[in-house]
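Let's take a walk through this structure together. Please have the sequence and the 3D view open side by side as you read.

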Amino acid sequence: MITELRISDLGVIAEATLDLAPGFTAVTGETGAGKTMIVSGLGLLLGQRAARGIVRRDAAGTERTARVEGRFDRLPAPVLTRVTDLGGALDEPTDDPELVLARTVGAAGRSRAYVGGAQVPVASLSAVSEDLITIHGQSGQIRLALPETQRDMLDRFGGEALLAILADYRATWQDWRAAAAELDTLRAQARERAREVDMLRHSLDEIATVDPKPGEDQELAAETIRLQAVDDLRIAAGRAALALNGDEVDFDTSPGAAALVGVARHALDGIADADPAASALAARTRELVYQLNDLGADLAGYLAGLEADPARLEEITGRRAALAALHRKYGETTDAVLAWADSSRARLDDLVGTDDRIGELAAEVGRLGSRLADLAAELTAARTTAARRLEGSVREELAALAMPRARLAAVLQPADPGPWGAETIEFLFAANPGSEPGPLGKVASGGELSRVRLALEVTVADAPGQTLVFDEVDAGVGGAVAVEIGRRLKRLAERSQVVVVTHLAQVAAFADRHFVVVKADDGRITTSGVREVGQADRAGELARMMAGIDATDTALAHAEELLAVAADAAAGSLVPERSAR
């Protein structure tokens, strides 16, 4: 519920504050005073586009920045969640916290939106405020002619039981659509999957036939180099062995490094006892002798193993050719080929398992389709029952609004199952007996449409605590009909907060609070403000609305009579319980 509305520099309104309360609030004022700026301001809080030229200019002709600020309490849980997600803050976070929404519009049309003090996109402001305010204006009459609006009204009138069926149907519809889409995709791709399966199996068989081992390509490359250079290796190794071990044929001439170091060892051993330094050198020489002997033995073994093996070289060449063929297709190295094979086996398992998935999906689509058909039939039955009750309730309301013979029919036409059910819903209207009912938006006049809209709102109203704003709900009516409109708005205000912009005293008389938009003109610029009408001044203001600038005694008496009628209505029971809801 909105508790305060502040407007500055919007249209002709320089500065205005409305302290609002539960119940029925009327906003009146002479033509051109700026009554509709109240609705425009609330529209800005709902995220509506700012009209061109809506920002007020001062006496010097300079455009200012328009600002609208609304304070709300009795916040529903979804609103609290959205405010938290947007980073906004609540005022006085008690059991009933308050939320401030704001919108500014600059002269150039630049707009900023705020939720709980946090600047947000206008769309985010709209997402929060749409759960708090509903505006019924001329655009609302246009929306009333839309099939989706009529369907929503019927579903809301059907109550929680119908809405629960609808929610179950919509969830099942989404599941069915998702499963059917996946099934269609898998079936459409069956030929591509078959080709990919054949390719993967052929490739994996080719790799399995070669059976490469990790690092095998590098090992074979090294062995190939060794076998191709065996003669050069033998010559070099022989020279090294001769240098270490000496020439066995002419050892005296070529004793080798090991023998020469041995001579040095014996020489140092002979003086080791005489000099500690010599002893250390002798020890190092002994260690060198051991190392040279070991190296000589290893070199001899290496030389013995250097045998030419043409058969092995040929075998390695063939093996490397087989590996190279795999490298050209599946990876630059043997390890890369093996990695490709691992991922391809996993992909093949997925593709082969798709056939099982198709079977599972087909069964799931069938199960969900059956469930969807059952829910569609259940939803149709619930809507049909609700339609008959809605027609009766609206007929009673229209009779009270001086349309005793008018008929509204909620017609359900079978259609292919969709996200909202298996039928279309259309409101048909006939104002007089003998007239063929036609689409509501085409056959109803402006005054008739205003009354039908009010009758529906009173009948369907199901959001206690929400703020309902009516602009020109009394368009095209007057007299006794206007009194009944006021009576119905009073009834509606017992469920929701109702704010009505009206030019009829018969409507304003039923309000719990009454604000007047007052226009002032200093010869240079027109400025409007808002004042609340006290209870003692209500009759005078209503009389002025009926008689013009100067209220006559007759108008004053009529105003007193209107207030008495409104008081009697307030004292009576205006909101009977609807057990069927």
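A word on exposure comes first: a residue is called buried when its relative accessible area is under 20%, exposed when it is over 50%, and partly exposed in between, using a 1.4 Å probe and protein chains only. This is a predicted model, in which local features need pLDDT of at least 70 and side-chain atom pairs count only at pLDDT 80 or more, while totals for chains, interfaces and linings use all residues. Residues are numbered from 1 along each chain as its sequence is written, and side-chain values use heavy atoms, with hydrogens and water left out. Helices (H or I, at least four residues) and strands (E, at least two) are DSSP runs, numbered from the N terminus.

Let's start with the aromatic rings. A pair of aromatic rings is described by the distance of the centres and the angle of the planes. Here, rings of Phe, Tyr and Trp (its six-membered ring) pair if their centres lie within 6.5 Å; planes under 30 degrees apart count as stacked, over 60 as edge-to-face and the rest as tilted. Searching the whole structure turns up two aromatic pairs. One of them joins Trp173 and Trp176 in a tilted arrangement, 5.5 Å from centre to centre and with 35° between the planes. Both residues belong to helix 6 (residues 159–188), where they sit three residues apart, about one turn of the helix.

Next come the charged side chains. Side chains of opposite charge can pair when their charged atoms come close. A salt bridge is counted when a side-chain nitrogen of Lys or Arg lies within 4 Å of a carboxyl oxygen of Asp or Glu, and the structure holds 30 of these salt bridges. One is formed by Arg383 and Asp155, whose closest N and O atoms are 2.9 Å apart. This pair links distant parts of the chain, with Arg383 in helix 13 and Asp155 in helix 5 (residues 147–157), 228 residues apart. Both Arg383 and Asp155 are buried.

Glu397 counts as buried because its relative accessibility is 4%, and Arg488 counts as buried at 13%. Asp512 lies in the loop between helix 17 (505–508) and strand 14 (513–521), 22 residues from Lys490. Lys490 is buried, with a relative accessible area of 11%, while Asp512 is partly exposed at 32%. Shared partners also join Glu397, Glu484, Arg487, Arg488 and Arg491 into one salt-bridge network.

Now turn to the strands. Strands of a sheet pair through backbone hydrogen bonds, either parallel or antiparallel. Two strands pair if DSSP finds at least two bridges between them. Three strands form an open sheet in the order 9-10-11, with antiparallel pairing. Strand 9 and strand 11 (438–439) stand at the edges, each with a single partner strand, so one side of each has no neighbour in the sheet. Strand 10 (residues 421–430) pairs with strand 11 over two bridges, and Phe429 has Gly438 of strand 11 as its bridge partner.

Ala402, in the loop between helix 13 (334–400) and strand 9 (407–418), has a phi near 65°, a positive value in a residue other than glycine. Ala402 is partly exposed, with a relative accessible area of 45%. Arg74, in the loop between strand 4 (66–72) and helix 2 (77–85), likewise has a positive phi, near 50°. Arg74 is partly exposed, at 47%.
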